Amino acid sequence: MKTTNIANRQAMCEVLIEAAKLDPSILVLTSDSRGSASLGAFAKELPDQLVEVGIAEQNIVSLAAGLAHMDKRPFVASPACFLSMRSIEQIKVDVAYSNKNVKLVGISGGVSYGALGMSHHSLQDIAVTRAIPNLQVLVPADRFETIQMFNALVKSEAPAYIRLGRNPVQDCYENADYPFEIGKAVTMLEGKDLTFIATGEMVRQALDAAELLKEKGVSIEVLNVHSLKPFDTDGVLAAAKKTGYVITVEEHSLYNGLGAAVAEAVAEETGIKQKIIAFPDESLITGSGPELFQHYGLDGPSLAAAAISFMGE
């Protein structure tokens, strides 16, 4: 697959501009984060449909819920580390419990802000949001899946939390012309020896690992779980049963994320071995995203080595 200089947040902006031109009820709210969210073009083209709240993450969620109550279709763009932590009560009560059509976009998710350290990492957001009833939790793999996902979200009435990374990701898909459905996992590669189940930017790393393992004669299945909730239990079970070996890969704490969701799905099955690869339960070292992936074993070569070791156990 080719490299790209288009980040997922930029792809989101392009979709929202076109959708908002057709539907004036679509609003974008930012918390002094239009630049971080690549929403400058939206503000320029549709200034009356952008609401700048300032650095007030709790307020922005409640304001969005109020706008949704007035039949607006708000998209909130705010750093994932703050949106998912500071605003969690408002997300739980004002959005999810009240069943308001608010799309909460956590930008610069995971370790996108790598060098800024733990205060700016969002490695608990999936765990927290996934536990809230009536809230979808979504993480696209690349720009093309971001396009597909936001095309679906502008039509959806369901409350949702969407995590986007900050930097461009090498393409996982060739284009945006493929079937996409919220709650339906995507088989990226067919294989028979081991299954990588990945989400978000880790899908690319899993695909890279699969290419390295192919050179060693190892056949890898790669399943992209872009929907942590609703969760495709049937798709995960089918992929796990196919190979019997499952490695889950996520840019998240090892607790209560994708690995936990897969473990819940396969718990009653026999003959399936699972390994969870994620960030450890500690304050991470300081570094860029790629440096952190390599250091903690989340890059392609590290995943390939982990797969060989896991199958040999």
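Reader: Hi! Where is Ile162 found?

Author: Ile162 sits in strand β6, which covers residues 160-163. Keep in mind that this is a predicted model.

Reader: Is Ile162 buried or exposed?

Author: Ile162 is buried, because its relative accessible area is 0% and buried means under 20%.

Reader: And which residues does Ile162 touch, leaving out those up to four places away in sequence?

Author: With those left out, Ile162 touches Lys103, Leu104, Val105, Gly106, Leu138, Pro140, Met149, Phe150 and Leu153.

Reader: How many Å apart are Ile162 and His295, C-alpha to C-alpha?

Author: They are 26 Å apart in space, and 133 residues apart in sequence.

Reader: Thanks! Switching to pockets: how much space lies in the largest pocket?

Author: The largest pocket holds about 240 Å³ of space. Its lining has 14 residues, and Pro168, Glu201, Gln205, Pro290 and Phe293 are the ones nearest its centre.

Reader: Which elements give two or more residues to that lining?

Author: Those are α8 (202-214) and α11 (289-295).

Reader: What classes of residue line the largest pocket?

Author: The lining has five nonpolar, five polar and four charged residues.

Reader: Let's zoom in on Gln205. Buried or exposed?

Author: Gln205 counts as buried, because its relative accessibility is 16% and the cut-off for buried is under 20%. Gln205 belongs to helix α8.

Reader: What does Gln205 touch, again not counting residues up to four places away in sequence?

Author: On that basis Gln205 touches Phe293, Leu298, Asp299, Gly300 and Leu303. Phe293 is also among the residues nearest the centre of the largest pocket.

Reader: Nice. How many cavities of 30 Å³ or more does a search of the whole structure find?

Author: The search finds one. The largest cavity has a volume of about 90 Å³.

Reader: Which residues lie nearest the centre of the largest cavity?

Author: Val139, Arg163, Gly200, Glu201 and Glu251 do, out of 13 lining residues. By class, the cavity lining has four nonpolar, six polar and three charged residues. Glu201 is also one of the residues nearest the centre of the largest pocket.

Reader: New topic, helices. At roughly what angle do α9 and α10 cross?

Author: Their axes cross at roughly 80° and come within 9 Å, with α9 covering residues 233-243 and α10 covering residues 258-266. That makes α9 roughly perpendicular to α10.

Reader: Which residues make the contact?

Author: From α9 there are Thr233, Val236, Leu237 and Ala240, and from α10 there are Val262, Ala265 and Val266. By class, the contact has six nonpolar, one polar and no charged residues.

Reader: Why might residues three or four places apart turn up together in a helix contact?

Author: An α-helix has 3.6 residues a turn, so residues three or four places apart point the same way.

Reader: How many residues of α10 are buried?

Author: Seven of its nine residues are buried, so that helix is mostly covered. The buried ones are Leu258, Gly259, Ala260, Ala261, Val262, Ala265 and Val266.

Reader: What covers the buried residues of α10?

Author: The cover includes α6 (125-130), β8 (194-198), β10 (227-229), α9, β11 (245-253) and β12 (273-279).

Reader: What is the phi of Asn99?

Author: Asn99 has a positive phi of about 55° although it is not a glycine. Asn99 lies in the loop between α5 (88-97) and β4 (103-107), and is partly exposed, with a relative accessible area of 46%.

Reader: And what is the phi of Ser108?

Author: Ser108 has a positive phi of about 55°, and is not a glycine. Ser108 lies in the loop between β4 and α6. Ser108 is buried, with a relative accessible area of 0%.

Reader: Last one: is Gly217 buried or exposed?

Author: Gly217 counts as exposed, because its relative accessibility is 62% and exposed means over 50%. Gly217 is in the loop between α8 and β9 (220-224). The C-alpha atoms of Gly217 and Asp193 are separated by 9.8 Å, with the two residues 24 apart along the chain.

Note on methods
Residues numbered from 1 in each chain as written. Predicted model: local features only at pLDDT ≥ 70, side-chain atom pairs only at ≥ 80, totals over all residues. Heavy atoms only, no water. 1 Å grid on protein atoms, 1.4 Å probe; cavity = no way out; pocket = protein on both sides within 12 Å on 5 of 7 lines; lining within 4 Å. Points joined across faces, edges and corners; volume = space filled by probe spheres on them. Helix = DSSP H or I, 4+ residues; strand = E, 2+ residues; numbered from the N terminus. Nonpolar A, V, L, I, M, F, W, Y, C, P; charged D, E, K, R; others polar. Axes fitted to C-alpha atoms, helices over the stretch in contact; angles between N-to-C directions. Parallel < 35°, antiparallel > 145°, perpendicular 65-115°, else oblique. Contact = heavy atoms within 4.5 Å. Buried < 20%, exposed > 50% of the residue type's maximum accessible area, 1.4 Å probe, protein only.
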